Amino acid sequence: MENGEEITVRGMYGPDVTFLGVPRVELDALDGLDVVFVGAPYDAGASHRPGARFGPQAIRATDYLPHDGSRPHLALGVDPLAELRVADLGDVLMPPVDTEGSLRQLERVVQAVATAGAIPVILGGDHTITWPDATGVARHVGWGRVSLIHFDAHADTGDTQFGSLYGHGTPMRRLIESGAVRGDRFLQVGLRGYWPEPPTLAWMAEQRMRSFEMTEIVSRGLDECLTEAFEIAVSECEGVFLSVDVDVVDPGSAPGTGTPEPGGLSARQLLDAVRRIAMSVPLAGIDVVEVSPPYDHAEVTAFLANRVVLEALSGIAWRRRKLAGLPVRQPDSPLLEGR
């Protein structure tokens, strides 16, 4: 509660669960944490299939292992949920009938988490939420001092959506227009398909955005594209915001999403890329969006999103070990010593 106003709830669309059993935290007790989960159960910005409001619950809960707040990472030799001080704030109260109020509320919560010294990990929700997510981080790190690495099939740089400034097709334009994120520090990975139209592409070029379309990724290789993206992302910026739309992955591996586009990354490519990003650059915030459980099959999309989060946190834990001068395990090392 803030000034008598309810800001967060334990579970807006379901039971009270935390991400894989990590401790619960309240908004007035964030000090001393490294990572804080924030649910953003909002899908009023979806242009096609809804259901992403149920994404936070699915990402938190979907797993075949006990919800014991521990996940040792085989390749990196870290347990991010145990080594990092991690807690779950619950869901931001985001009624779909109040778009501006919901997005403003989310921004306030994300800013509070970042200001407390923790990395906010926002579980979406449709991609509209990246506007308040990255804005909240930028208000702490510095206006225009946060770069953004954006995995998506779609650019999300539309001017309006159904006549509105708010929607999952417009957040990246809003971020650049506000100055929260510089256009020339905006990296997009995985674009493909049949949108946006030429005028929007021209606007993106004017902002000096860098978009790695799937044809370029296939031609050059994802690793080479990421290396170029990292060089841009860390230049003249103090932190990197990572936004992962699950539709960047081919819908054969991620069917539970609102706007599926065939021909995307494999699940393996996305997980490897997210891990490498977290190991390589100073992440200041993360969101994982567009998981729509009503369209999922056998929870495969929710499992993927859950693992995206774990790869990111494992990379963060590994990077902190390395920066502290502690021994680290290389991900391509043999798992068993001497074999």
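1. A residue counts as buried when its relative accessible area is under 20%. The model discussed here is a predicted one. Cys225 has a relative accessible area of 2% and is therefore buried. Cys237, at 11% relative accessibility, also counts as buried.

2. How many disulfides are there? The count is zero. A disulfide requires a pair of cysteine sulfur atoms within 2.5 Å. The cysteine sulfur closest to that of Cys225 belongs to Cys237, and because the two lie 20 Å apart, they are too far from each other for a bond. Cys237 likewise takes part in no disulfide, its nearest cysteine sulfur being that of Cys225.

3. Helix α9 spans residues 267–280 and helix α10 spans residues 300–323. The two helices pack at an angle of about 25 degrees, and their axes are 7 Å apart. Angles under 35 degrees count as roughly parallel, so α9 is roughly parallel to α10. The crossing of α9 past α10 is right-handed.

4. Which residues make this contact? From α9 come Ala267, Leu270, Leu271, Val274, Arg275, Ala278, Met279 and Ser280. From α10 come Leu304, Arg307, Val308, Glu311, Ala312, Gly315, Ile316, Trp318 and Arg319.

5. Sorted by class, the contact between α9 and α10 comprises 11 nonpolar, two polar and four charged residues. The reader may wish to locate these side chains in the structure shown above.

How values were computed: Residues are numbered from 1 along each chain as its sequence is written. This is a predicted model: local features need pLDDT of at least 70, side-chain atom pairs count only at pLDDT 80 or more; totals for chains, interfaces and linings use all residues. Side-chain values use heavy atoms; hydrogens and water are left out. Axes are lines fitted to C-alpha atoms, for helices over the stretch in contact, and angles run from 0 to 180 degrees between N-to-C directions. Helices (H or I, at least four residues) and strands (E, at least two) are DSSP runs, numbered from the N terminus. Angles under 35 degrees count as roughly parallel, over 145 as roughly antiparallel, 65 to 115 as roughly perpendicular and the rest as oblique. A crossing is left-handed if the near helix is turned anticlockwise from the far one by less than a right angle, and right-handed if clockwise. Contact means heavy atoms within 4.5 Å. Ala, Val, Leu, Ile, Met, Phe, Trp, Tyr, Cys and Pro count as nonpolar, Asp, Glu, Lys and Arg as charged, and the others, Gly among them, as polar. Buried means under 20% relative accessible area, exposed over 50%, partly exposed in between (1.4 Å probe, protein chains only).
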